[in-house]
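Please examine the model shown below.

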Amino acid sequence: MKMILAIINQDDANMVVNGLMKEGYSVTKLSTTGGFLRAGNTTILVGVDDEKVQKVMNIIHKHSHSRRQVVPTGNDIGTAGMSPSMPMEVTIGGATVFVLNVDQFQRL
């Protein structure tokens, strides 16, 4: 058994969760915040048998897309207290996914 932990941009989260639930997967959804842009993310947890990992990964990939966004810069993003005077273009979205081994699973 595996635990899939996926950190997803909040703009993509509902589509990912709905896609997983439509295929019969149970999903736990947590609101989280990213470190770099301090933007809203969603972390989802899905427990699956080993042979279903790729199917879940495909669903996550289908519904979470990376994209470029221009963001204003400030002292918290600049280095050494210096702030660039121009906005910065960054890649957001997509998913960061961890697949972890589960030693034991019980419904209590």
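Q: Which residues does I59 touch, not counting residues up to four places away in sequence?
A: This is a predicted model, in which local features need pLDDT of at least 70, side-chain atom pairs count only at pLDDT 80 or more, and totals for chains, interfaces and linings use all residues. Residues are numbered from 1 along each chain as its sequence is written, and side-chain values use heavy atoms, with hydrogens and water left out. I59 lies in helix α2 (residues 53-63), helices being DSSP runs of H or I with at least four residues and strands runs of E with at least two, numbered from the N terminus. With contact meaning heavy atoms within 4.5 Å, I59 touches V16, G19, L20, E23 and Y25.

Q: Is I59 buried or exposed?
A: Buried means under 20% relative accessible area, exposed over 50%, and partly exposed in between (1.4 Å probe, protein chains only). The relative accessible area of I59 is 8%, so I59 is buried.

Q: With which residue does E23 form a salt bridge?
A: A salt bridge requires a side-chain nitrogen of Lys or Arg within 4 Å of a carboxyl oxygen of Asp or Glu. E23 lies in the loop between α1 (10-22) and β2, and its partner in helix α2, so the pair ties together parts 32 residues apart in sequence. The closest N and O atoms are 3.7 Å apart, and the partner of E23 is K55.

Q: In what order do the 4 strands of the open sheet stand?
A: Two strands pair if DSSP finds at least two bridges between them. Strands β1 (residues 2-9) and β3 (residues 40-48) run antiparallel and are joined by 8 bridges. The pairing in the sheet is antiparallel, and the order is β2-β3-β1-β6.
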